[in-house]
Amino acid sequence: MTSSNPQAQIHFQIIEARPEDVKRAFQDLKKDMNPEFVHVFLDKMQRYSTKPDRALFLTSHQGSCIAFATVINHAPAPKDSDDTLVQLLQKYACGTGLMVLPEYRHRGVAVKLVEQWDIWALKNNIPGIWVVTHQMSDWYQKHFNYTLQGRTMRKGVEKTSLTKTYRMGK
Ligand SMILES: CC(C)(COP(=O)(O)OP(=O)(O)OC[C@H]1O[C@@H](n2cnc3c(N)ncnc32)[C@H](O)[C@@H]1OP(=O)(O)O)[C@@H](O)C(=O)NCCC(=O)NCCS
């Protein structure tokens with residue numbers, strides 16, 4: 001896979017992780033994380049690589065892991081959601097994590113990871129996807145056609161809920 005930006009092309013591969021892929025990827029990805037929370041991240045990676053209702057995607061470049069994304073079928077709706085939104089989100093998968101190491105950003109890596117959410121959801125017959133984000137609302141709308149659904153407060157920070165509905169083929 002190659003980035004779409006000709007200014008800064010890098011070659012990278014994305015895999016859907018198996019449990020045995022986690023340890024090495026964790027060593028590469030944890031370097032920019034708050035040491036207090038790395039164990040939470042490792043636990044999440046292990047769960048997402050093991051359980052059938054979710055997936056962990058890992059991006060590698062020259063033998064190192066440089067990015068990850070996670071997706072789950074059914075996550076609890078944000079607490080301020082109205083009933084209509086709660087019902088909608090119950091039917092959709094949720095993108096629950098996305099991070100590219102700082103030195104590899106702006107090269108199209110995240111775009112390819114977000115596409116994996118779509119591929120995974122469609123493979124699992126899930127008709128849409130949702131995300132909650134603090135700062136990337138415009139990005140999801142501009143690059144991936146997500147639709148703004150509402151705002152929610154989480155731990156004193158305002159976050160935005162967005163959805164994307166698939167046109168399911170017959
Ligand atoms: C958000 C994030 C995943 C984007 O990763 P990335 O690999 O740099 O994104 P891409 O290169 O695929 O982005 C494609 C487009 O988004 C733009 N973009 C990338 N990062 C951006 C940012 N932080 N803010 C706004 N736009 C951004 C790129 O310039 C590019 O735009 P263009 O195609 O018009 O040039 C990365 O900045 C990151 O890991 N941030 C910290 C964690 C985070 O915020 N995760 C998202 C939580 S919802």
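Which pattern does the chain follow, read along the sequence? I consulted a predicted model for this, and I read the pattern as β-α-α-β-β-α-β-α-β-α-β-β. I counted five helices and seven strands in the chain.

**Overall form.** I looked up the radius of gyration and found 16 Å, close to the 15 Å that the globule rule gives for 170 residues, so the chain is as compact as a globular protein of that length. I noted that its C-alpha atoms fill a box of roughly 45 × 35 × 30 Å along the principal axes. I recorded 31% of the 170 residues as buried. For contacts between residues at least 6 apart in sequence, I found that 61% join residues at least 24 apart.

**Ligand.** I listed 16 residues around the ligand, the closest being Arg105, Val109, Ala110, Val111 and Thr133. The elements that give two or more residues to this shell are β4 (93-100), α4 (109-123), β5 (128-133) and α5 (137-144). Sorted by class, the shell has nine nonpolar, five polar and two charged residues.

**Backbone.** I kept in mind that most residues other than glycine have a negative phi. Gln62 sits in the loop between β2 (54-61) and β3 (64-73), and it counts as exposed because it has 8 C-beta neighbours inside 10 Å. I placed His106 in the loop between β4 and α4. With 12 other C-beta atoms within 10 Å, His106 is exposed, since the exposed class covers 12 or fewer.

How values were computed:
Residues numbered from 1 in each chain as written. Predicted model: local features only at pLDDT ≥ 70, side-chain atom pairs only at ≥ 80, totals over all residues. Near = placed C-beta within 6 Å. Helix = DSSP H or I, 4+ residues; strand = E, 2+ residues; numbered from the N terminus. Nonpolar A, V, L, I, M, F, W, Y, C, P; charged D, E, K, R; others polar. Rg over C-alpha atoms; globule rule 2.2 N^0.38 Å. Buried ≥ 20, exposed ≤ 12 C-beta atoms within 10 Å, placed from the backbone. Contact = placed C-beta atoms within 7 Å.
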